[in-house]
Amino acid sequence: MTFTHTLADPRIVAALSRMFERAEQDETTVARVLPGGFAAMSPQEHADAAAEIYMPISAAGGELLYNLVRAVRPTTVVEFGTSFGISTLYLAAAVRDNGAGRVITTELSKDKIAAARRTFAKTGLDDLITVLEGDARETLRSLDGPADFVLLDGWKDLCLPVLRLLQPRLRPGTLVVADDIDLSGLRPYLDYVRDPANGYQSVSFPVEDGMEISCRL
Ligand SMILES: C[S@@+](CC[C@H](N)C(=O)[O-])C[C@H]1O[C@@H](n2cnc3c(N)ncnc32)[C@H](O)[C@@H]1O
């Protein structure tokens, strides 16, 4: 089968369209499964309660990630927060078209991991993707070698701890992207990467809920 690039592969078009369609039910699902909010929950309890909720990046955000990964040509892409794998598909499609590299993604919810793995196999991208099961603050400790491109999209209050964990593995010029800059939970992270004293040049990109793109100095 011929197509212009991997994002145009009909298997990926179908998987993204199915998942984005289901994600449209997120608000209704949140009202059903998290009626009291999640403030008092641990990250694992929150992940288990949110096992049916997609919370994906936007399609435009995914296309931005695809283009960035094509341009950067990273050997290792690290993702914090797989969910059902929407963002992972954009990242892995770019890695496929680069002809080299891998995606390491992290997820707490066993149900989501099982569903994401099925999608990765169905779309033919599973050979490029490793899912680390469990808390990224633990699983990413075993990362072998540098992280050449990072997407932070797990629980927002954990983005800064995960960045700090990865920091020794970030070379100058590495891009770190965080989704949902409008969410208050991301504030400490944004304050950190926007302070040049911490070693980043950071810019907000106006795509849907906003992505923060930070370049390691
Ligand atoms: C906003 S969703 C990710 C959406 C996904 N990037 C996409 O575009 O489809 C956040 C996900 O991060 C996972 N998560 C949150 N904290 C985590 C942690 N400490 N370790 C691993 N996964 C975590 C949650 O279970 C949830 O599925």
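Arg73 sits in the loop between α4 (59-72) and β1 (76-80). Helices here are DSSP runs of H or I with at least four residues, strands are runs of E with at least two, and both are numbered from the N terminus. The model is predicted: local features need pLDDT of at least 70, side-chain atom pairs count only at pLDDT 80 or more, and totals for chains, interfaces and linings use all residues. Residues are numbered from 1 along each chain as its sequence is written.

**Two positive phi values**

Most residues other than glycine have a negative phi. Arg73 has a positive one, near 55°. Arg73 follows α4. Glu208 also has a positive phi, near 45°. Glu208 lies in the loop between β6 (200-205) and β7 (211-216).

Burial is counted from C-beta atoms placed from the backbone: a residue is buried with 20 or more others within 10 Å of its own, exposed with 12 or fewer, and partly exposed in between.

| Residue | C-beta neighbours within 10 Å | Class |
|---|---|---|
| Glu208 | 16 neighbours | partly exposed |
| Val203 | 12 neighbours | exposed |

Val203 belongs to strand β6. Val203 and Val103 are 100 residues apart in sequence, and their C-alpha atoms are 24 Å apart in space.

**Helix α4**

α4 has 14 residues and reaches 20 Å from its first C-alpha to its last, close to the 20 Å expected. That expected span is 1.5 Å times one less than the number of residues. Gly61, Gly62, Leu65, Tyr66, Leu68 and Val69 are buried in α4. Their cover includes β1, α5, β4 (149-152), β5 (175-179) and β7. Contact here means C-beta atoms, placed from the backbone, within 7 Å.

**Helix α1**

Which residues of α1 are buried? They are Ile12, Ala15 and Leu16. Seen down the axis of α1, these buried residues fall within an arc of 95°, so they line one face of the helix. The arc is that of the directions from the helix axis to the C-beta atoms. An α-helix has 3.6 residues a turn, so residues three or four places apart point the same way. The buried residues of α1 pack against α5 and α6 (110-122). On the other side of α1, Pro10, Ala14, Ser17, Arg18 and Glu21 are exposed.

**The ligand shell**

The ligand has 22 residues around it, and Ala47, Gly81, Ser83, Ile86 and Ser87 come nearest. α3 (43-49), α5 (86-98), β2 (102-107) and α7 (136-139) each supply at least two shell residues. The shell divides into eleven nonpolar, six polar and five charged residues. Nonpolar covers Ala, Val, Leu, Ile, Met, Phe, Trp, Tyr, Cys and Pro; charged covers Asp, Glu, Lys and Arg; the others, Gly among them, are polar.

**The whole chain**

The chain has nine helices and seven strands. Its C-alpha trace spans about 50 × 45 × 35 Å along its principal axes. Buried residues make up 40% of the 217 residues. Among contacts between residues at least 6 apart in sequence, 74% join residues at least 24 apart.

Definitions and conventions:
A residue is near a molecule or strand if its C-beta atom, placed from the backbone, lies within 6 Å of it. Two residues are in contact if their C-beta atoms, placed from the backbone, lie within 7 Å.
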